[in-house]
Amino acid sequence: MIKDKPLTTDLVGDKTLKTDEKIEFFGQVDELSAFIMEFTHHVEDKKLEMELRKIVNLLSVMLAEVAGGYGHVGEMHLNELMEVVNEYNQKAGAFKGFVLPGETHMGAKAHIVRTIVRRAERAYARVYEKYGGSAIIFEYLNKLSTLFFAIARIYDEQ
């Protein structure tokens, strides 16, 4: 019976409740990775596709770090992401104001990914509040949502 089964899961050699903030964060990042990979199958810009695949790999490293295993998201990773953000912000051009999310199919897909990133960022804020952690991870997720906002604008404002 489910009521007699403890609602725990394994976490780097220990058990934790399935309702723990870390487990929620892992689920959010897992969903984020899946949606980014789905997005890559529709991208014609091969450079962007490769950048997004690199980001998904780094999200796995991020999960390992938060779980307490091997892995570290550092300033170098944040700087690399910022270069990509700056490139796509330039391609998107000057921000003109209010954006209706998803004027195009690809714009809608990019906005969906952006909102999932924001949810993962909020989940990490709860992890950070309870356990401490890395300000770089928090900043990385924040800038990742900025990247997807720029990508969405490129598709929607063409």
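From the N terminus on, the elements of this chain run β-β-α-α-α-α-α, which gives five helices and two strands, where a helix is a DSSP run of H or I with at least four residues, a strand is a run of E with at least two, and both are numbered from the N terminus. Please keep in mind that this is a predicted model, in which local features need pLDDT of at least 70, side-chain atom pairs count only at pLDDT 80 or more, and totals for chains, interfaces and linings use all residues. Residues are numbered from 1 along each chain as its sequence is written, and side-chain values use heavy atoms, with hydrogens and water left out.

Of the 158 residues of the chain, 42% count as buried, meaning under 20% relative accessible area, while exposed means over 50% and partly exposed lies in between, with a 1.4 Å probe and protein chains only.

Let me turn to helix H3. Its 18 residues, 75–92, should span 26 Å at 1.5 Å a residue, and the end C-alpha atoms are 25 Å apart, which agrees; the expected span is 1.5 Å times one less than the number of residues.

Which residues of H3 are buried? They are His77, Leu78, Leu81, Val84, Val85, Tyr88 and Ala92. These cover an arc of only 125 degrees around the axis, which puts them on the same side of H3, the arc being that of the directions from the helix axis to the C-beta atoms. The buried residues of H3 pack against helix H2 (46–67) and helix H5 (135–156), whereas the face turned away from them carries the exposed residues Glu75, Met76, Glu83 and Gln90.

Conventions. Contact = heavy atoms within 4.5 Å.
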